[in-house]
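Hi everyone, thanks for making the time. I'd like to walk you through one model today, so please have a look at the screen.

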Amino acid sequence: MSESLDATTTNADATVAQVIDTIAETTTDVRTAIFTERGHSDSVNPTGDEQLAADIRADEIFEQRLLAIDGVASYASEEREAVATSAGRLHVAIDPLDGSSNLEPNSGMGTIFGVYTERPPTSGRNLVMSGFVIYGPVTSMLVARDGCVREYLLEDGAKRLVDNEVTVPEDPTVFGFGGGVDSWTDDFETVAESIRAELKLRYGGAMVADINQVLTYGGVFAYPALMSRPEGKLRLQFEGHPMAYILESAGGASSNGDGSLLDTEPTELHERTPLYLGNEQLIERIEAAVER
Ligand code: P6P
């Protein structure tokens, strides 16, 4: 490898490591925001979700901390229209507080993040790292990098490695399907019914927690194309790509109904997508059943 290319790779690795550590350290401030910023703001995000004060605070903190990293060139967020830029080479896309509607019932929520080599909107194939944090009974963090998924427990922002190779269990146990039976297409309803008869329901309204169930017990999470909304609900750049990168790195599969979510390139930053994630054999069954 040439000297300059070697230096570029080393710099990129250092930047990715800094992004991971910065997000881990920032989780203590996000937990504080969850505890103190519990009100409703009078604004909505670019995809029309009502923003809680905690959504806005988490977004502000992450932007400030991540753009301060030398190698980070831009910050894109589910909570804001425009991409914030800086000097650097790598691009961060983040859902600062996924599942914030769970704040009121005190259920799980999290942060989803991805680092891309190109400025979003961009293909999932330009991801070099992705991960998520769960603000649950404990704060945990999963990171996918170089084909491996690692799990950490976070205490006062410090990471403690608890699993050096997270893989989706071969025998599926759980399923979680969003969207509501009334608005499912007939094709999805048929395959959903067959899977429901085999597995246990685990659906909590925040995909970070539901995906972690799939990574822990094996199974499938889906937010399908709906009759009322053929493009689905979840955001490709901020939820689909990073979660697909994690599942595929853990030996699972992802799909938008046609093929891997990582092969899709959004034309709009806040584009939505149907989303299916989990054990390969279940994703294949769903793909065979739903027409695109
Ligand atoms: P619904 C949270 O708002 C989110 O983006 C995902 O984390 C979650 O899986 C989904 O939406 C929940 O949607 O329609 O069940 O409230």
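Let me begin with a question: which side chain does the side chain of S254 join in a polar contact? The partner is E248, and the two side chains are joined at 2.7 Å. Before I go further, keep in mind that this is a predicted model.

Let's stay with S254 for a moment. This serine sits in strand β14, residues 253-255. Is S254 buried or exposed? Its relative accessibility is 5%, so S254 counts as buried. Its side chain also reaches the backbone nitrogen of L261, at 3.0 Å. If we set aside residues up to four places away in sequence, S254 touches a whole group of residues, including A244, G259, L262, Y276 and I283.

Leaving out neighbours within four places in sequence, F188 is in contact with F177, A222, P224, Y276, I286 and V290.

Now the wider picture. The largest nonpolar core has 53 residues, and F132, F188 and L215 are the ones that touch the most other members. Helix α5, residues 236-249, gives the most to this core, with seven residues.

On to a helix. α2 covers residues 53-67, which makes 15 residues. Several residues of α2 are buried, including A54, D55, I61, F62 and L67.

Finally, some backbone details in the loops. N106, in the loop between β5 and β6, has a positive phi of about 55° although it is not a glycine. With 69% relative accessibility, N106 counts as exposed. D156 also has a positive phi, near 50°, and is not a glycine either. D156 is found in the loop between β9 and β10, and its relative accessible area of 73% makes it exposed.

One last stop: which residues does a cis peptide bond join? They are P120 and P121, with omega at about 0°. P121 is found in the loop between β6 and β7.

That's my tour, and I'm happy to take comments.

Conventions: Residues numbered from 1 in each chain as written. Predicted model: local features only at pLDDT ≥ 70, side-chain atom pairs only at ≥ 80, totals over all residues. Heavy atoms only, no water. Helix = DSSP H or I, 4+ residues; strand = E, 2+ residues; numbered from the N terminus. Expected span 1.5 Å × (residues − 1). Buried < 20%, exposed > 50% of the residue type's maximum accessible area, 1.4 Å probe, protein only. Polar contact = N/O pair within 3.5 Å; in protein donor to acceptor, adjacent residues only side chain to side chain. Contact = heavy atoms within 4.5 Å. Core = buried A, V, L, I, M, F, W, Y, C linked by side-chain atoms within 4.5 Å.
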